[in-house]
Amino acid sequence: MNKRLKKDIIFILFVLVLFVGVLVNFNRIGSFLGLILQVISPLLVGLAIAFVVNILYSFIRKLFSHFRFGRGKAGKYISLALSYLLLFGFVAAVILFLIPQLGESVNRLYMNLDNYLAQLDSFVRDLVSKIDFSKIDFTQIDADMINSYIKSFFNGGVSVVQTLFPHLVGFATGTVRGVVNLVMSFIVSVYVLSDKEHLLRQANDLLAACLPEKVLNKVLHVGRVSGRTFTLFIKGQVTEALVLGSLCFIGMVIFRFDYALLISVIIGVTSLIPILGAIIGCVPAVFILLMINPVKAFWFIVFIIILQQVEGDLIYPRVVGSKMGLPALWVFAGVMIGGGLGGVLGMLLGVPVMAIIYQLTSEFVRNRKEKKNVLQTEK
């Protein structure tokens, strides 16, 4: 037996032992990986925030490069500060715009509460008038049974409260932890963006030291394709949200729905989530319209379903898919496969991941065809 065969057998045995070990300890390994992911989640979220803000930062930095003050470190830090100020300003503007409008809707609900209660009272009276109480034999009603039902009801209420209390405490603790992690993630993103050139150079040096040159070139190429694709995806997603929000506003004005601007902003913001964003934004919008006119709320649901179909079939594949050079069929495949594997996050990442696979596959096929043509020509 030669040395090459021995090495192959040892490698296969090692892989088998490792595979069996993973299967046997799958739950422990999953718990350990979940703990690691929870610990490093602020870092991962910070990197994601840095990637998104970098699009705006690069644009501002390029704009400032035409001026003398924008070419040195001063321009770098001014661009960085302005990028985060614009991001926070946009979020704050949306919140400050939504809260007064929601307050006005609640106030209108309070003003119309007497009318709603009168309608409810009329409905109950009509319902009671249709019930023939003369056919009910009240002598057959067991008082002990009624007391038993009442005690069971209150005992059930106590057990529900006891069950919900730990969940409420856990929710409050998780909310505080989430806010702290979000703040830490923003701090991480600031450090990453302020020193991104140095970090990228260190990452390239590490890869160059660990990988052969041929593998290194492929890894760097995949990294460049991934970065470019995700950048185009974010730009396309923002463009799609603006288009959908505008179409929603125009439609609501034409059909004379109340709070057209408020609801269009909600729909536009939630449309940053692929395909299902309009449906998610429909929930608070319907609640707002329900306070004013239930009939209009129903017709708004019909309107938003039609608009969502237009978005899914026409706007999204062409706006987002065309920016990344991805055919409409691959866009749908990315959304469906990503949603099936990872829910909402999977739907969000499915399209750019599918675009990366599509581009790399196209390059592989094109290179293989060129090599075959060269070999056939030489023959």
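Ring pairs join F255, F257, F300 and F303 into a cluster, where rings of Phe, Tyr and Trp (its six-membered ring) pair if their centres lie within 6.5 Å, and planes under 30 degrees apart count as stacked, over 60 as edge-to-face and the rest as tilted. The model is predicted: local features need pLDDT of at least 70 and side-chain atom pairs count only at pLDDT 80 or more, while totals for chains, interfaces and linings use all residues. Residues are numbered from 1 along each chain as its sequence is written, and side-chain values use heavy atoms, with hydrogens and water left out.

The structure holds 9 aromatic pairs. One of them is formed by F88 and F186, a tilted arrangement with 5.3 Å centre to centre and 50° between the planes. This pair links distant parts of the chain, 98 residues apart, with F88 in helix α3 (residues 73-111) and F186 in helix α5 (residues 143-194). F88 is partly exposed, at a relative accessible area of 42%; buried denotes under 20% relative accessible area, exposed over 50%, and partly exposed in between (1.4 Å probe, protein chains only). F300 and F303 also form a tilted pair, 6.2 Å centre to centre with 45° between the planes. Because they lie 3 residues apart in helix α10 (residues 294-323), F300 and F303 are separated by about one helical turn. F300 is buried, with a relative accessible area of 0%, and F303 is buried as well, with 12%.

The secondary structure of the protein chain comprises 11 helices and 0 strands; helices (H or I, at least four residues) and strands (E, at least two) are DSSP runs, numbered from the N terminus. Of its 379 residues, 24% count as buried. Among contacts (heavy atoms within 4.5 Å) between residues at least 6 apart in sequence, 67% join residues at least 24 apart.

The second largest pocket has a volume of about 340 Å³. On a 1 Å grid over the protein atoms alone, a pocket is an open set of points where a 1.4 Å probe fits, with protein on both sides within 12 Å along at least five of seven lines; lining residues have an atom within 4 Å of a point. Volume is the space filled by probe spheres set on the points, which are joined across faces, edges and corners. Helices α7 (213-254) and α11 (328-378) each supply at least two lining residues, and α11 gives the most, with 6 residues. The lining, which includes K214, H221, F364 and R368, divides into 3 nonpolar, 3 polar and 5 charged residues. Here Ala, Val, Leu, Ile, Met, Phe, Trp, Tyr, Cys and Pro count as nonpolar, Asp, Glu, Lys and Arg as charged, and the others, Gly among them, as polar.
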